[in-house]
Amino acid sequence: MDVDLIPKGRRIAERWWGKSWVTNLESYADYSNRLPRGKSYLRNGAVRSMDIDKGSIKASVQGSKAKPYKVSVSIQPLLDGEKMKLTERCGNRIQSLDSLIDGDIPQDIADIFVSRNGLFPSPREISFKCTCPDYAYMCKHVAATLYGVGVLFDREPLLFFRLRGIDVDTLVKKSVESRFESMMRNADNRTSRMLDDDDIDIFGVLD
């Protein structure tokens, strides 16, 4: 799809999912010298189009030639067992789809998402290709694309879950179900705030 991926502010991303993607990208120490050029390309409007699907990012990036270069990014999918473990670790901590999209989640859940073996890909899980003649593995066109992904996630966080192959409805539903089950288990547990019938009768309620 053709998109305007030029950041509107001083930062590439402003919201939790976009900022977390950019933070993860900038942790790739092996590519630190390639990232600034990519950021400049993005700000100058070089990323002309981008498509995101499960484990795949494809972009058209304008370089010095008349014809834009084609960038392809592949990310290893999360295994079913990893998805299940992630859902279980979230427990009943996700309140709603809106809160998840807004990044309004407990810090310990956020830490799970960004930690090793979390949702954000490590360098060993991601590979790139570009049709440009640059010999570098991560060329400036790839770097611009990856920064552009952060801009896109800032606007449409659900695209992150599409990229990682996660059914966000299931993730939220499991959390809500877990919270409901916990409430039901504790429904009959008496607390100091609950009054016995004899205590209620003191106030004449049972008369």
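**Exercise 1: A pair of buried rings**

Trp-21 and Phe-153 are both buried. The model is a predicted one, and the values below are computed from it.

Task. Determine which geometry, stacked or edge-to-face, the rings of Trp-21 and Phe-153 adopt.

Solution. 
1. The ring centres of Trp-21 and Phe-153 are 5.3 Å apart, and a pair requires centres within 6.5 Å.
2. The ring planes stand at 90°, and planes over 60 degrees apart count as edge-to-face.
3. The pair of Trp-21 and Phe-153 is therefore edge-to-face.
4. Trp-21 belongs to helix α1 and Phe-153 to helix α6 (residues 140-155), so the pair links distant parts of the chain, 132 residues apart.

**Exercise 2: A second pair from α1**

Solution. 
1. The whole structure contains 15 aromatic pairs.
2. One of them joins Trp-16 and Phe-120, with 6.3 Å centre to centre and 70° between the planes, an edge-to-face arrangement.
3. Phe-120 has 5% relative accessibility; buried means under 20%, so Phe-120 counts as buried.

Trp-16, Trp-21, Phe-120 and Phe-153 belong to one aromatic cluster, which also includes Trp-17, Phe-113, Phe-160 and Phe-161.

**Exercise 3: The surroundings of helix α1**

Task. State how many residues of α1 are buried, and identify what they pack against.

Solution. 
1. Seven of the ten residues of α1 are buried, and the helix is mostly covered.
2. These buried residues are Trp-17, Gly-18, Ser-20, Trp-21, Val-22, Asn-24 and Leu-25.
3. The helices against which they pack include α2 (35-43), α4 (97-101), α5, α6 and α7 (158-164).
4. The strand β3 (69-75) is also among their packing partners.

**Exercise 4: The chain as a whole**

Task. Describe the make-up of the protein chain: how many helices and strands does it have, and what share of its residues is buried?

Solution. 
1. The protein chain has nine helices and four strands.
2. From the N terminus, their order is α-α-β-β-β-α-α-α-β-α-α-α-α.
3. Of the 207 residues, 43% are buried.
4. Among contacts between residues at least 6 apart in sequence, 71% join residues at least 24 apart.
5. The accessible surface is about 12200 Å², and carbon and sulfur atoms account for 49% of it.

Methods: Residues numbered from 1 in each chain as written. Predicted model: local features only at pLDDT ≥ 70, side-chain atom pairs only at ≥ 80, totals over all residues. Heavy atoms only, no water. Phe/Tyr/Trp six-rings, centres within 6.5 Å; stacked < 30°, edge-to-face > 60°. Buried < 20%, exposed > 50% of the residue type's maximum accessible area, 1.4 Å probe, protein only. Helix = DSSP H or I, 4+ residues; strand = E, 2+ residues; numbered from the N terminus. Contact = heavy atoms within 4.5 Å. Areas by Shrake-Rupley, 256 points an atom, 1.4 Å probe, with all protein chains shown as cover.
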